[in-house]
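Here is a structure to read through by question and answer. Take a look at it first.

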Amino acid sequence: MPTLLFGKNALNGLKNFPASRVAVVHGASLSEDLKDKIKSAISSFEVIFIEKSWGGEPELNTLKDSLRRIELFKPDVIFAVGGGSVIDGTKMLRAFYEFPYLNVQTRNFNMLNFSTRFIAIPTTIGSGAEISSASVLYDREQKLKDFFISHSFIPEIIILDPRFILDAPDDILFSTMVDAISHVVEGYVSLLDNPVVDIYAEKALQLIAENWEVFKTTRTFESAQNLQFAAVLAGLVQNHCIVGAAHGLAHQLSSYDFSHSSAISMVLKAVISKNAENPNVKRKYEKLASASGIMDGVDGLNKLIEAVSVASNNQKDRERFKSLLNTIFKNDVFFSNAMKDKGAKGNPLPLSESFYKEILYSI
Ligand SMILES: [Fe+2]
């Protein structure tokens with residue numbers, strides 16, 4: 001469990017953190033003002049800012065430019081400031097920087113005993129990458145997402161400072177919020193059941209349900225802070241419980257150039273409805289809804305997902321997705337990969353080709 005610094009000026013909690021050479025890896029949209037705030041919050045000899053060299057999903061090849069800069073600079077502290085793509089890619093940068101002989105084919109990452117300290121500042125509300133033991137690399141040739149697991153990937157400190165999200169565009173914030181909801185919902189009904197994690201899930205969903213509309217209309221500090229906290233709780237749920245079929249489908253939709261969160265928002269409701277055909281799973285969804293103050297069980301959950309998806313304004317993606325459905329149905333690799341997906345193994349019902357096809361068909 002990392003240290004959480006949260007609330008107004010959370011960044012200033014770094015004042016006494018020992019840091020000599022700091023590399024800040026970030027996405028394209030980090031403003032000069034926020035860069036200055038990071039710089040003045042840390043006491044260090046030198047800080048450099050490295051804009052990530054990879055696109056949407058980190059890939060082995062596209063990490064190389066950023067890695068070269070890290071190797072030249074030799075930081076003792078690495079920051080990842082961004083959404084899931086930045087944070088996941090930075091986990092791998094740090095791994096290759098400290099262990100250049102690392103062979104990703106070995107799949108065993110438990111030996112990574114890092115000496116570089118790692119701090120994450122999420123700029124979205126939902127990826128959960130900041131609290132995840134997984135780092136993800138996209139393998140373009142095999143159209144597969146590779147998951148590398150080590151608890152050492154989890155940052156030492158997570159900074160939830162509302163200033164890093166208040167100016168972000170609606171489409172990013174609300175689509176990642178749907179991803180956070182998916183971590184809660186899929187984790188809650190996962191085969192890996194844990195009553196402590198259930199409490200995190202219920203609280204996370206309650207915070208999202210109570211704050212998303214206020215945040216949409218007025219973007220208050222308080223609503224931003226509550227949603228950032230909810231996203232970390234949702235990430236904890238995902239990290240412990242392993243998610244389900246919505247993630248199995250969304251990971252495959254990367255090969256059609258849909259972002260993770262947009263893909264999740266297109267399939268999540270259909271996955272919930274399909275899983276809810278099983279009465280035991282339906283009861284769990286209903287328990288989650290009522291414990292989070294959401295009326296009408298599965299319908300209420302799906303209404304919340306729909307409303308937040310609409311706020312994410314991804315209508316173009318939805319239309320493109322629908323026009324691609326026929327092609328996807330004929331893509332055998334899509335379904336065989338989705339069945340093997342390690343990130344979907346928690347789904348309460350077995351993941352078969354026909355199961356996935358029925359979900360897509362219902363969409
Ligand atoms: Fe996700």
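The questions below go from the whole chain to single residues.

Reader: What kind of model is this, and how are residues numbered?
Author: This is a predicted model, in which local features need pLDDT of at least 70, side-chain atom pairs count only at pLDDT 80 or more, and totals for chains, interfaces and linings use all residues. Residues are numbered from 1 along each chain as its sequence is written.

Reader: What radius of gyration does the protein have, and why does it agree with a compact globule?
Author: The radius is taken over C-alpha atoms, and the globule rule is 2.2 Å times the number of residues to the power 0.38. With 363 residues, that rule gives a value near 21 Å, so the protein agrees with a compact globule at 20 Å.

Reader: What share of the residues count as buried?
Author: A residue is buried if 20 or more other C-beta atoms lie within 10 Å of its own, exposed if 12 or fewer, and partly exposed in between, with C-beta atoms placed from the backbone. The protein has 363 residues, and the buried share is 49%.

Reader: Which strand gives the most to the side of domain 1 that touches domain 2?
Author: An automatic or database assignment sets the domain bounds. Here it gives domain 1 (3-163) and domain 2 (169-362). Strands are DSSP runs of E, at least two residues, and helices are runs of H or I, at least four, numbered from the N terminus. With three residues, the top contributor is strand 7.

Reader: At what angle do helix 9 and helix 10 cross?
Author: Axes are lines fitted to C-alpha atoms, for helices over the stretch in contact, and angles run from 0 to 180 degrees between N-to-C directions. Helix 9 covers residues 279-291 and helix 10 covers residues 297-311. Their axes come within 8 Å and cross at roughly 65°.

Reader: Which residues of helix 10 does helix 9 meet?
Author: Two residues are in contact if their C-beta atoms, placed from the backbone, lie within 7 Å. Helix 9 brings K282, Y285, E286 and A289. Helix 10 answers with G297, V298, G300 and L301.

Reader: Is A250 buried or exposed?
Author: A250 sits in helix 7 (residues 245-253). Leaving out residues up to four places away in sequence, A250 touches H260, A263, I264 and V267. A250 has 29 C-beta neighbours inside 10 Å, so A250 counts as buried.
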